[in-house]
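Please work through the following exercises with the sequence and the model at hand. Each task is followed by a stepwise solution.

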Amino acid sequence: MHERKFPRLKAFLGAKIIFNGGRSSFDGLVKELSEGGAMIRTESAMAVPESFTLELSDGRRFECDIRWRRINAIGAVYAATQTIRQTVGSDPFLFLTLF
């Protein structure tokens with residue numbers, strides 16, 4: 001059984017996968033979030049580059065790397081120096097209410 005570093009939270013957030021110096025993007029839908037990454041549904045999963053910027057519909061942005069890839073979804077991890085807690089602080093209630 002695979003143990004996760006961070007627990008996942010269900011989400012339903014519009015997102016953009018931005019790459020090529022901000023000149024290219026794909027639309028996506030974040031279905032799960034954790035402190036360390038996200039699962040993103042997208043029609044273009046196979047064309048997403050290994051590193052990209054994830055922009056959530058609320059304006060938050062995260063530098064990401066691909067962890068896994070399926071035909072219509074990707075698993076992304078946030079850059080090593082960045083976690084979602086840096087955006088919301090250490091208050092666990094605030095972290096949960098954002099999703």
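**Exercise 1: Salt bridges**

The side chains of Glu55 and Arg61 meet in a salt bridge, with 2.8 Å from N to O; a salt bridge requires a side-chain nitrogen of Lys or Arg within 4 Å of a carboxyl oxygen of Asp or Glu. This is a predicted model, in which local features need pLDDT of at least 70 and side-chain atom pairs count only at pLDDT 80 or more, while totals for chains, interfaces and linings use all residues. Residues are numbered from 1 along each chain as its sequence is written, and side-chain values use heavy atoms, leaving out hydrogens and water.

Task: State how many salt bridges this rule gives, and characterise the one between Glu32 and Lys10.

Solution. 
1. The count comes to five salt bridges.
2. In the pair Glu32 and Lys10, the closest N and O atoms are 3.1 Å apart.
3. Glu32 lies in strand E2 and Lys10 in strand E1, 22 residues apart; strands are DSSP runs of E with at least two residues, numbered from the N terminus.
4. Glu32 is buried at 13% relative accessible area, whereas Lys10 is exposed at 63% (buried: under 20%; exposed: over 50%; partly exposed: in between; 1.4 Å probe, protein chains only).

**Exercise 2: Barrel**

Task: Determine the order in which the six strands close into a barrel.

Solution. 
1. The order is E1-E2-E3-E6-E5-E4, with antiparallel pairing; two strands pair if DSSP finds at least two bridges between them.
2. Asp65 stands opposite Val77 in E6.

Conventions: Helix = DSSP H or I, 4+ residues; strand = E, 2+ residues; numbered from the N terminus.
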